Amino acid sequence: MSDSAASPVPGSRWTRWLPLALFVVFVGVVTWGLLRDKDDTVPSRFIGQPLPQFSLPAATDAKAGLATADFAGKPRLLNVFASWCIPCAAEAPQLAALAAAGAEIDGVAIRDHSDDLAAFLARNGNPYTRIGADNLGKVQLAIGSSGVPETFVIDGRGVIRYQHIGDIRAEDVPMLLGKLRDAGQ
Amino acid sequence: MTAEFGLAALWFAAALALLQLVAGALALNPRGASLAAVVRPAAIVQGALALIAFGALISVFAATDLSVRLVAANSHSAKPLLYKIAGAWGNHEGSMLLWVTVMGLAGAFVAMVERRLPERTMLATLAGQAFVSLGFYAFLLFASNPFERLSPVPPEGQGLNPLLQDPGLAFHPPTLYLGYVGLSIAFSFAIGALVTREVGPAFARAMRPWVLGAWIFLTLGITAGSYWAYYELGWGGWWFWDPVENASLMPWLAATALLHSAGVLAARNALRAWTVMLGVVAFSMSMVGTFLVRSGILTSVHAFAVDPRRGTFILALLAIYIGGALTLFAIRAATVTEGERFAVTSREGALVFNNVMLTGALGIVLMGTLYPLVTEAFDEKVSVGPPYFNPMTAFFVLPMLVVLAVGPLLRWRRDNLARVRGMLLVPGLLALAGLGAAAVLVPGKVLPMIGLALAPALAVASLLPLRGRRLRQVKLPLWGMVVAHFGIAVALFGMASDSAFTTERLVAVRVGETTPVGPWQIRLAAIEPVAGPNWTALEATLQASYNGAAPALMHPQAREFWAPPQNTAESALHTRWNGQLYTVLGEQAEDGRWQLRLWWKPFVPLIWLGGMLIALGGLLALTGRVASDVRRLVARDKIAYRREKQGR
């Protein structure tokens, strides 16, 4: 084997400027981030809008997939979650409480695997009527959800009536039940 | 008065930093050489003044002086004294004061003890340190004054976030900051060496103990922070890839790479430009992390003091310091030749691989942390979580761990794999056997499987550098390396075991009922109210019995703090040699049953034990290096003394 300068920094001149160039890109991105209008209006923009058209395959063998057409008749909750999301496990008892109080809950599982999901449901309970697999997060974005968990109230005509961001705390349960009731009137 | 005194000390410290910068910079020129004598004393006094200012802040917090706005916003008279003191750094302004204090003290320490570097490089280094400090002094004095008064004085303070009221957390930020900000020394050394073009083994030897010191604190800080999140948040997880965690991981990755490349530079005079660049990058990552957390640009569960104006200020500091340092690097690095050559199969080659992989992991973490921001520019909101971070970092870290097993056995400059093949037989077979066993035990979970298989092999391999040596004659730095590498194997096993074998149960039980989790039987014996100094709680008494053994008592609580009002779940943990039982008390259901969250986590404490071993390895290496430096200094002084005597 011959001697070679196995250095992470090749000798040519322009590579010396690479760290600075990367840093300039970083500064550009965060400057834009600081100057932009904080886009807190995203959630509310979707309220009052009908659900976009989608049809998701079943995320697990145990439950059917989910499509826009399923939201007809009675107001339902749409829970955006994932087995890898820890606050989603934390909100499981509250979802169970909602289901016990008569709420119909459908799930959209984000970037999940069916085995992981089955284990998650076995561990945390399964309050869902249907669970759609949103492996690219497309439906999640289309309904204005930017993270997991989020929970939407959808009325009987498929219109988004309310968006809850973050995990459902115990004190949110009556509020969500109230929103469901309102959506039914 | 104390507050005004502290503020005055802060102004004087800033003035001295300015003096240190100007005198140091002028003294580099032969005409200003007389100013050189000012620089070291200025650095020492500046550090002392910063410490005084910090002491003043602690004193107003300890006395709960509510006329100070910061105290009123973050403290409460009913808090235990420890948390009153910890409140001094549990907020934005106080933690920035801690930042400049650590920077000032580190600079003072260097000015006092560092004698190995050429004097001009030393001057440039101290001037660089002062230059960076100055920006943070300005930030404190103009945008985050911790001593601001409040009028009228409120009757009571608003309290400290209850999650932060924990003995572990009281000392977490100072530890982490000693690490973060300690890296500023490496940054200043890199600047100094670039300015005077003195990049060589002497530079690396002088820089290494400082990097090691900072790295030890960083390692301890991350380990402690992870354990704190684990037991305090009550979610049973130990790492969440939250921006704040990433902010501490990135400097650690860069500092780890720097330690290893500085070793190459010190021993073999190779990797010069690369080492200097890592010196710049490590502290830059500390600053970038601070910026990401403080500016509110990313949402984080840790975010405190979110204020876009402050974000702009820190961003300007970043642009000046990091941009300036990288520009200096780009201009000067061409004059820093790469140094000695070496073969791919050599100790250097393995260390270069380690550096490239660590840098790759650093890039992955940085990208994942910034990605939500980038996609938002294209009007898409995404969240990046473990599905991205786990496999992507593993992609870089796992190959690095394989090389970690081989690298320390290789000779410098050039070696032959055939020479070490025999030694690697045992770990190699262990890895294969482990892979087989893991494939049976945890089929389908790829990463935990590889981790479980790799960890024992790595543990054995990490001890191989000791083979054939007399243990009592092994030098401390070698012990340090062995212990740290062994620690990595231990932590890896803990992580893999946690992902592979954890059993979790969420149950609702009545008092008197028993429920199983893993090999445990847990009986809910009682629920009783208890009260603390600023909280009340419902406390469960659990009798936890392992495979029918005599039960251990555990007391998880659901706490209600009243200033500020907030509920927290205080988990209760029971540790055995083979794992940890983790219990959380939840709500009471309408039918009178109590929710319990139970986890049995086999070998999970090994994660933090490994982290502590890694830090211990650093400490051993540091002790060895400092001891040999001191010996060398003493010997040199003796020779100088003898010469002086002979000369007379």
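Student: Which residues touch the most other members of the largest nonpolar core?
Tutor: Among its 188 residues, Ala186(B), Val211(B), Ala254(B), Ala255(B), Val276(B) and Leu458(B) do. Helix α9 (residues 201-232) of chain B gives the most to this core, 17 residues. This is a predicted model, where local features need pLDDT of at least 70 and side-chain atom pairs pLDDT 80 or more, while totals for chains, interfaces and linings use all residues. Residues count from 1 along each chain as its sequence is written, with chains lettered from A and ligands numbered from 1 in the order written.

Student: What makes a set of residues a nonpolar core?
Tutor: The members are buried Ala, Val, Leu, Ile, Met, Phe, Trp, Tyr and Cys, joined through C-beta atoms within 7 Å. Buried means 20 or more other C-beta atoms within 10 Å of a residue's own, with C-beta atoms placed from the backbone.

Student: How many residues of α8(B) are buried?
Tutor: 22 of 25, so by that cut-off α8(B) is mostly covered.

Student: Why are α1(B) and α6(B) called roughly antiparallel?
Tutor: Their angle is about 150 degrees, with the axes 8 Å apart. Axes are lines fitted to C-alpha atoms over the stretch in contact, and angles run from 0 to 180 degrees between N-to-C directions. Roughly antiparallel needs over 145 degrees, and therefore the label applies to α1(B) and α6(B).

Note on methods. Buried ≥ 20, exposed ≤ 12 C-beta atoms within 10 Å, placed from the backbone. Helix = DSSP H or I, 4+ residues; strand = E, 2+ residues; numbered from the N terminus. Parallel < 35°, antiparallel > 145°, perpendicular 65-115°, else oblique.
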